[in-house]
Amino acid sequence: MRSDKRVIAVDEFQHNLLVNGMNEFRNELLAEDKPTEDVDRLLLMIIDAPTMREKRRIDRESR
């Protein structure tokens, strides 16, 4: 079975919102004594996601 990957582009505020939201969800799972392994892995993926600079568009008409 093939697994598709999805890539999203978020700014710094949205990245922090994702991290905080996932951490809150993890804390809720811990309070309910439920397993957190999947959430832990996803949270680490979000935290360690590489940054990408926007490509500058060169105005070719001015040349």
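Two remarks on conventions come first. Residues are numbered from 1 along each chain as its sequence is written, and side-chain values use heavy atoms, with hydrogens and water left out. As this is a predicted model, local features need pLDDT of at least 70 and side-chain atom pairs count only at pLDDT 80 or more, whereas totals for chains, interfaces and linings use all residues.

I begin with helix H1, residues 12-31. Helices here are DSSP runs (H or I, at least four residues), and they are numbered from the N terminus.

Which residues of H1 are buried? They include Val-19, Met-22 and Leu-29; buried means under 20% relative accessible area, exposed over 50%, and partly exposed in between, with a 1.4 Å probe and protein chains only. The buried residues of H1 fall within an arc of 85° seen down the axis, so they line one face of the helix. That arc is taken from the directions from the helix axis to the C-beta atoms. On the other side of H1, the exposed residues include Phe-13, Leu-17, Asn-20 and Ala-31. Helix H2 (37-47) is included in what covers the buried residues of H1, contact meaning heavy atoms within 4.5 Å.

Val-39, Leu-43 and Ile-46 are buried in H2. Viewed down the axis of H2, its buried residues fall within an arc of 60°, so one face of the helix is lined by them. Asp-38, Arg-41 and Met-45 are exposed on the other side of H2. The buried residues of H2 pack against H1.

I turn now to the loop between H1 and H2. Asp-33 is located in this loop, and its phi is near 55°, a positive value in a residue other than glycine. Most residues other than glycine have a negative phi. Asp-33 counts as exposed, at 71% relative accessibility. Thr-36 is also in the loop between H1 and H2, but Thr-36 is buried, with a relative accessible area of 9%. Leaving aside residues up to four places away in sequence, Thr-36 touches Arg-26, Leu-29 and Leu-30.

Outside the helices, Arg-6 lies in the segment before H1 and is exposed, with a relative accessible area of 81%. Thr-51 lies in the segment after H2 and is exposed at 78%.

Finally, how large is the largest pocket? Its volume is about 900 Å³. Among its 18 lining residues, Ile-8, Ala-9, Val-10, Ala-49 and Pro-50 are the closest to its centre. H1 and H2 each supply at least two residues of the lining. A pocket is an open set of points on a 1 Å grid over the protein atoms alone, where a 1.4 Å probe fits, with protein on both sides within 12 Å along at least five of seven lines; lining residues have an atom within 4 Å of a point. The volume is the space filled by probe spheres set on the points, which are joined across faces, edges and corners.

Key:
Expected span 1.5 Å × (residues − 1).
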